[in-house]
Amino acid sequence: MDSGTGRAHGKAILLGEHAVVYGAPALAVPIPFLTATARATRVPCPDDGGEGISFTIAGPGPAASAPLPGDGTRQMLAEFREATGFSDDLCVDVVVDCAVPQGRGLGSSAACARAAVLALADLCGFGLDAATVFRLVQASENVAHGRASGIDAVATGSDSPVLFRSGVVQELSTNFEGRFVIADSGVGGSTKEAVELVRRRFEHDAQAKEEFVSRASGLTGGAVRDLEQGDLAGLGARLTENHVLLQELGLSTDRIDRLVAAALMAGSPGAKISGGGLGGCVIALAGGPGAAEELGRTLREAGATRTWIVPMRRLASHVD
Ligand code: PMV
């Protein structure tokens, strides 16, 4: 075969971002309609021997951070060879068509890496198991994020909401009727910078770290119960509380805070920043489809450059 394809999608973190890097649980939902599709095509190797892999990302908006940095890609390829035992010369063009906006906390780097790994595996005829795909995506993510928990590597390939803790994944099957409105603040943030900012903050303050991790863990655990019990108000309150925790760490921005306030003023049960922070998106809870549409409108009027509605229920998607 001369070409292979791979697919993945975006994700949004409901609760637990940053704390998940330090062993707390976090909850994420897949966004199946924000897709990353990669095609890997074998090309003739140069006459002087050796191999060459070129990556091109085609997608919306300017990059706030390159989704597949050179070092991350090299690391991922080295691990790909190790995992598969593949030793032929490999000269390939990989083109990733990425609808996941970059620098918005929606998992663009992991989605691109996952799609690329699957396209390379398809090209070379390898059926990789989930653990190997995770490891290869993580090789790239650890470079993109500095220190990646692994939640993005998992959630960008899952068709269910996931509870993730220290590499252990629980796919949640939920009948929760609520919807999440994701609102783009219009300003990108670098997850790597945000993770580094938190690391520096905690380096000299072990107590602050312990408190943050413990409070975020409690909120995420409570949110899982809220989902089981269909408690919209309870879940909303925890989202907003988690926003305050992230705000206290300096991860929010004025624009994001304004969007959170607008959502709450409009009657949303809860809202917060989502993902790495220092920009990016707000995630706000809504009840039925009408309320979600209305909340989206309100957030756009309050300055969001675009909004998406994500239901919590298991979604039919391209994930097999
Ligand atoms: O890709 P983002 O911006 O949603 O960030 C991922 C979440 C973090 O907890 C900030 C980092 C990580 O690796 O878990």
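Helix 2 is mostly covered, with 15 of its 17 residues buried; buried denotes under 20% relative accessible area, exposed over 50%, and partly exposed the range in between, for a 1.4 Å probe and protein chains only. This is a predicted model, in which local features need pLDDT of at least 70 and side-chain atom pairs count only at pLDDT 80 or more, while totals for chains, interfaces and linings use all residues. Residues are numbered from 1 along each chain as its sequence is written, and side-chain values use heavy atoms, with hydrogens and water left out. Helices (H or I, at least four residues) and strands (E, at least two) are DSSP runs numbered from the N terminus.

- The largest nonpolar core contains 94 residues, of which L27, L106, I182 and L299 touch the most other members. Helix 2 (residues 108-124) contributes the most to this core, with twelve residues.
- Such a core is a set of buried Ala, Val, Leu, Ile, Met, Phe, Trp, Tyr and Cys residues joined through side-chain atoms within 4.5 Å.
- In soluble globular proteins, nonpolar side chains tend to be buried together.
- Leaving aside residues up to four places away in sequence, L299 is in contact (heavy atoms within 4.5 Å) with V181, A183, L259, A263, A284, A304 and T307.
- From its first C-alpha to its last, helix 2 reaches 24 Å, close to the 24 Å expected at 1.5 Å a residue; the expected span is 1.5 Å times one less than the number of residues.

**Helix 3**

- Helix 3 (residues 130-145) has 16 residues and should span 22 Å at 1.5 Å a residue, which agrees with the 21 Å between its end C-alpha atoms.
- A bend of about 30° occurs in helix 3 at A139, the bend being the angle between axes fitted to the seven residues ending there and the seven starting there.
- Buried residues of helix 3 include T132, V133, L136, V137, E141 and H145.
- G146 follows helix 3 and has a positive phi, near 85°.

**Second largest pocket**

- The second largest pocket holds about 370 Å³ of space. Among the 34 residues lining this pocket, E141, H145, D152, T191 and G276 are the closest to its centre.
- A pocket is defined on a 1 Å grid over the protein atoms alone as an open set of points with protein on both sides within 12 Å along at least five of seven lines, where a 1.4 Å probe fits; lining residues have an atom within 4 Å of a point.
- Helix 3 gives the most to the lining of the second largest pocket, with four residues.
- D152 belongs to helix 4 and counts as buried at 8% relative accessibility.
- D152 touches K11, I13, G107, A110, E141 and H145, not counting residues up to four places away in sequence.

**Individual residues at other sites**

- Most residues other than glycine have a negative phi.
- S166, which is not a glycine, has a positive phi of about 45°; S166 sits in the loop between strand 5 (162-165) and strand 6 (168-171) and counts as exposed at 55% relative accessibility.
- L278 also has a positive phi, near 65°; L278 lies in the loop between strand 8 (271-274) and strand 9 (281-286) and is partly exposed, with a relative accessible area of 23%.
- S214, in helix 6 (residues 206-229), is partly exposed at 48% relative accessible area.
- The C-alpha atoms of S214 and G23 are separated by 9.9 Å, although these residues are 191 residues apart along the chain.

Methods: Points joined across faces, edges and corners; volume = space filled by probe spheres on them.
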